[in-house]
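Please read them with the sequence and the coordinates at hand.

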Amino acid sequence: MGRSQEFDTQTVVAAVLDVFWSHGYEGVSLTDLETATGLSRSSLYNSFGNKRGLFDAAVAMYLDYVIRPRLRGLTENPTADAVDKYLYSLSVAIAAMTPESPRRGCLLLNTATGMGAHDDALAEVVRNYRRELSDALRSGLIAIFPDAPDPALDDRTRILLSCTVSALVLARVDTLQAIAILDTARRTTTEWQS
């Protein structure tokens, strides 16, 4: 008879989320994961299969607890100020990051720049995230411009998506520039309404 699990899976995943967020998948060792969780390698393997299984669980938690709640204002009955509120919330989050914070930038984009080109499964997760973010921004733009033709909405969505992704990537190394990009995106959205 196998030994029963003596830890909470969600607590373990939350503990390693910051480790992966800070160092990326490739920069994290099994020793780092053992230290972060207080669990042995065998316990981690028995519960998650391998390092990748634990990373996949961390990505799922990141999407469910970090990304989707922030996108909710754009996807669930968005108002005409939803895009501005979203971009502003990113600025506030980035401004609050300290240089020591493990949560700088975006877990998925940070990881994609490292191993995404060599990992088809991760590349698909990043593509899905891009689609989800793009769809949310488009939904917010429709609340502002309900009669805009599709090509105009597509172009504006791409512009805001590019600004958002750029800001999230730069947030790791240049907080002020990341915030400036988001401020530009907010002003641009306002100018489109003129």
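1. The sulfur of Cys-106 lies 16 Å from the closest cysteine sulfur, that of Cys-163, which is too far for a bond. A disulfide is a covalent bond between the sulfur atoms of two cysteines; here it is defined as a pair of cysteine sulfur atoms within 2.5 Å. By this rule the count is zero disulfides.

2. Are these cysteines buried or exposed? Cys-106 has 1% relative accessibility and therefore counts as buried, and Cys-163, at 17%, counts as buried as well. Buried means under 20% relative accessible area, exposed means over 50%, and partly exposed lies in between, with a 1.4 Å probe and protein chains only.

3. A remark on the basis of these values is in order. The model is predicted: local features need pLDDT of at least 70 and side-chain atom pairs count only at pLDDT 80 or more, whereas totals for chains, interfaces and linings use all residues. Residues are numbered from 1 along each chain as its sequence is written, and side-chain values use heavy atoms, leaving out hydrogens and water.

4. The protein has nine helices and zero strands. Both are DSSP runs numbered from the N terminus: helices are H or I with at least four residues, and strands are E with at least two. The C-alpha atoms fill a box of roughly 65 × 35 × 30 Å along the principal axes. Of the 194 residues, 40% are buried.

5. Helix H2 (residues 30-37) packs against helix H3 (residues 41-48) at an angle of about 90°, and their axes are 9 Å apart. H2 is therefore roughly perpendicular to H3, a class that covers angles of 65 to 115 degrees. The axes are lines fitted to C-alpha atoms over the stretch in contact, and angles run from 0 to 180 degrees between N-to-C directions.

6. Which residues of H2 and H3 meet? Leu-30, Thr-31, Leu-33, Glu-34 and Thr-37 in H2 meet Arg-41, Leu-44 and Tyr-45 in H3, where contact means heavy atoms within 4.5 Å. By class, this contact has four nonpolar, two polar and two charged residues.

7. The largest nonpolar core has 57 residues, and Phe-20, Leu-54 and Tyr-129 touch the most other members. Such a core is a set of buried Ala, Val, Leu, Ile, Met, Phe, Trp, Tyr and Cys residues joined through side-chain atoms within 4.5 Å. Helix H4 (residues 51-75) gives the largest share of this core, ten residues. Leaving aside residues up to four places away in sequence, Phe-20 touches residues including Leu-33, Leu-54, Phe-55 and Leu-107.

Note on methods:
Angles under 35 degrees count as roughly parallel, over 145 as roughly antiparallel, 65 to 115 as roughly perpendicular and the rest as oblique. Ala, Val, Leu, Ile, Met, Phe, Trp, Tyr, Cys and Pro count as nonpolar, Asp, Glu, Lys and Arg as charged, and the others, Gly among them, as polar.
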